[in-house]
Amino acid sequence: MDSFLTPGLILSLIVVAIGIVIIVKGLVIVRQSEVMVIERLGSFNRLLESGINIIIPFIEQPRAISMIRYRKQGEEYYPIATDETRIDRRETVMDFPGQPVVTTDNVTVTINGALYYQIIDPKRAVYEVANMSQAVEVLAKTTLRSVVGKMELDKLFESRAEVNNAIQSAMEEPASKWGVKISRVEVQDIAMPEEVEGAMRLQMAAERKRRATVTEAEGEKSAAIAMAQGQRESSILNAEGDKQSAILRAEGEQESIKLVLNAIGDSEDDKRTVVGYLLGQSYIKVLPNMAKDGERVFVPYESSALLGSMGMFREMAGSPEDVVSQHVKNRQDGTDLRSGMVGGAGSSS
């Protein structure tokens with residue numbers, strides 16, 4: 001056994017073991033979307049990309065980057081600090097705890113945000129800042145306070161997108177010096193004191209009541225305007241109808257008078273006869289209405305005489321319409337109405 005384990009064999013085994021260790025230590029496999037910063041004797045040498053890479057053990061060493069991540073348990077956030085030699089180039093979300101912020105109207109709110117960032121230059125992320133994730137977090141918090149501190153509480157709720165864009169724009173330049181790209185910033189929750197929240201509820205209820213009152217008043221106003229327009233159009237149409245009716249009645253009376261004059265004659269005596277006839281008709285139409293309005297009816301002397309004449313007219317020749325018809329017939333036979341009337345009166349006497 002002693003002859004088998006010679007010094008040369010032991011040395012060979014030691015060399016083989018050292019070789020295996022060197023190979024194991026020198027062979028580095030980097031996964032996709034990861035990168036490693038390699039230092040040679042304490043200074044930056046190169047970056048190891050994804051795939052199989054070989055380094056010199058004990059001379060070349062990966063440089064670790066410090067990262068802080070939060071773990072949420074219940075309502076509390078607990079930071080976890082780690083040193084990682086493999087730098088992840090993927091987009092990473094940082095959900096940091098809520099921060100108290102004072103608005104311009106002196107209201108203290110607690111804002112919980114989420115930050116999306118990506119390491120695009122691992123060398124700068126390692127050498128330009130001591131703790132990249134902590135630096136990004138502090139920058140996000142201070143920028144959030146600066147942006148929200150310039151806004152009122154109502155404006156903050158109405159313009160979350162503006163807040164997100166303002167924070168992202170303010171963080172882009174300093175973060176780029178650290179080799180970090182800020183993809184976007186999202187304001188998640190905004191917590192207010194209970195008294196402020198109660199006052200906002202009362203204000204919202206009053207605003208809704210005011211809107212309902214204004215809407216109801218606008219509806220009543222529109223209805224009143226529509227009703228007035230309808231009444232106006234109706235009055236115009238009624239007036240137009242009365243006008244057309246009056247015109248048609250006047251034209252009818254005019255034609256009636258012309259027909260009576262043509263039937264009797266166009267001399268002065270004939271015209272007076274026609275006028276008396278028309279007046280008599282008017283009095284006869286009005287008398288029933290006059291009797292309805294009161295117990296006694298006073299008839300002027302001229303009216304009594306005219307009505308008497310109309311009665312005599314009816315006794316001698318029937319109704320005035322019959323006289324006109326008779327006169328037309330007599331004209332056709334060559335006889336005059338007045339002569340017939342006189343002759344009839346003489347014969348009856």
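1. About 70 Å³ of space lies in the largest cavity, and the structure, which is a predicted model, holds 3 cavities of 30 Å³ or more.

2. The residues that line the largest cavity are I65, M67, R69, E84, R86, I87, D88, R90, T92, Y117 and I119. Sorted by class, this lining is made up of 5 nonpolar, 1 polar and 5 charged residues, and at least two lining residues are supplied by each of β6, β8 (86-88) and β11.

3. Turning to the packing, the largest nonpolar core has 40 residues, of which V109, I111, L115, M132, V163, M171 and I182 touch the most other members. At least two residues of this core come from each of the strands β2 (34-40), β6 (65-73), β11 (108-119) and β12 (180-191), and likewise from each of the helices α2 (122-127), α3 (132-148), α4 (153-158) and α5 (160-177). The largest share, 8 residues, is that of α3.

4. Which residues is I182 in contact with, once its neighbours within four places in sequence are left aside? The contacts of I182 are then L115, Y116, Y117, V136, Q168, M171 and A175; of these, L115 and M171 are also listed with I182 among the core residues that touch the most other members, while Y117 belongs to the lining of the largest cavity.

Note on methods:
Residues numbered from 1 in each chain as written. Predicted model: local features only at pLDDT ≥ 70, side-chain atom pairs only at ≥ 80, totals over all residues. Heavy atoms only, no water. Core = buried A, V, L, I, M, F, W, Y, C linked by side-chain atoms within 4.5 Å. Buried < 20%, exposed > 50% of the residue type's maximum accessible area, 1.4 Å probe, protein only. Helix = DSSP H or I, 4+ residues; strand = E, 2+ residues; numbered from the N terminus. Contact = heavy atoms within 4.5 Å. 1 Å grid on protein atoms, 1.4 Å probe; cavity = no way out; pocket = protein on both sides within 12 Å on 5 of 7 lines; lining within 4 Å. Points joined across faces, edges and corners; volume = space filled by probe spheres on them. Nonpolar A, V, L, I, M, F, W, Y, C, P; charged D, E, K, R; others polar.
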